Amino acid sequence: MRILCSSTLIGEALLIMFAGLVAMQLSDVPTATVWTVSGIAMVLCVLLCGMISRPGAVAVGWVLQIGLIASGVVLPTMYGLGVVFAALWWCSVRYGRRIDEIKAARVAAAAV
């Protein structure tokens, strides 16, 4: 799960950076506000990569996905991209947990 979720979060951090650049040019929001919010979101994505196996990290990831979708208020394209990344997050969590279960079962079977 860690690799899948981290990959999604790194992609999301890059998306936030590029969205910040676009929002700076196309929106009426002050530049300082755009970069403060974008910077906090990018740092949160990167920090979450290292803490994804801790309790509550997946929930924080979901909050991040909701925030990404909500950023469509400033940049309407982010509604669609936010939904795409939320779907990627769901797939990363669901299939990542399944992969971890399969790996644990194989290790247990090999130990017997």
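F85 is one of the residues of helix 4. The model is predicted, and the protein in it has 112 residues, of which 34% are buried.

**Overall build**

- Read from the N terminus, the order of elements is α-α-α-α.
- A box of roughly 65 × 25 × 20 Å, taken along the principal axes, holds the C-alpha atoms of the protein.
- Helix 1 covers residues 2-26, helix 2 covers 31-50 and helix 3 covers 57-70.
- Helix 4 takes in residues 77-111.

- F85 has a relative accessibility of 13% and counts as buried, because buried means under 20% relative accessible area.
- Between the C-alpha atoms of F85 and Q65 there are 7.0 Å, although 20 residues separate the two along the chain.
- W89 also belongs to helix 4.
- The relative accessibility of W89 is 0%, so W89 counts as buried.
- W89 and G61 are 28 residues apart along the chain, and their C-alpha atoms are separated by 7.8 Å.

- V84 is found in helix 4 and has a relative accessible area of 45%, which makes V84 partly exposed.
- I99, another residue of helix 4, is partly exposed as well, with a relative accessible area of 37%.
- Both values fall into the partly exposed class because that class lies between the buried limit of 20% and the exposed limit of 50%.
- From C-alpha to C-alpha, V84 and I99 are 22 Å apart in space, and they are 15 residues apart in sequence.
- I99 and M1 are 98 residues apart along the chain, yet a distance of 7.1 Å separates their C-alpha atoms.

**Nonpolar patch on the surface**

- Five residues make up a nonpolar patch on the surface: L4, W62, W90, Y95 and I99.
- Together these residues have about 460 Å² of accessible area.
- Helix 4 supplies the largest share of the nonpolar patch, with three residues.
- L4, a patch member, sits in helix 1.
- With a relative accessible area of 34%, L4 is partly exposed.
- L4 at 34% and I99 at 37% can both belong to the patch because patch residues need over 30% relative accessible area.

**Largest pocket**

- The largest pocket contains about 420 Å³ of space.
- Its lining has 20 residues, and V37, S38, A41, G67 and S71 are the closest to the pocket centre.
- Helix 1, helix 2 and helix 3 are the elements that give two or more residues to this lining.
- Helix 2 makes the greatest contribution to the lining of the largest pocket, with seven residues.
- By residue class, the lining of the largest pocket has 15 nonpolar residues, five polar ones and no charged ones.

Notes
Residues are numbered from 1 along each chain as its sequence is written. This is a predicted model: local features need pLDDT of at least 70, side-chain atom pairs count only at pLDDT 80 or more; totals for chains, interfaces and linings use all residues. Side-chain values use heavy atoms; hydrogens and water are left out. Patches are made of residues with over 30% relative accessible area and no salt bridge: like charges are joined within 9 Å, nonpolar side chains (Val, Leu, Ile, Met, Phe, Trp, Tyr) within 5 Å. Accessible areas come from the Shrake-Rupley method with a 1.4 Å probe; for residues, only the protein chains shown count as cover. A salt bridge is a side-chain nitrogen of Lys or Arg within 4 Å of a carboxyl oxygen of Asp or Glu. Helices (H or I, at least four residues) and strands (E, at least two) are DSSP runs, numbered from the N terminus. Buried means under 20% relative accessible area, exposed over 50%, partly exposed in between (1.4 Å probe, protein chains only). On a 1 Å grid over the protein atoms alone, a cavity is a set of points where a 1.4 Å probe fits but cannot get out, and a pocket is an open set with protein on both sides within 12 Å along at least five of seven lines; lining residues have an atom within 4 Å of a point. Grid points are joined across faces, edges and corners, and a volume is the space filled by probe spheres set on the points. Ala, Val, Leu, Ile, Met, Phe, Trp, Tyr, Cys and Pro count as nonpolar, Asp, Glu, Lys and Arg as charged, and the others, Gly among them, as polar.
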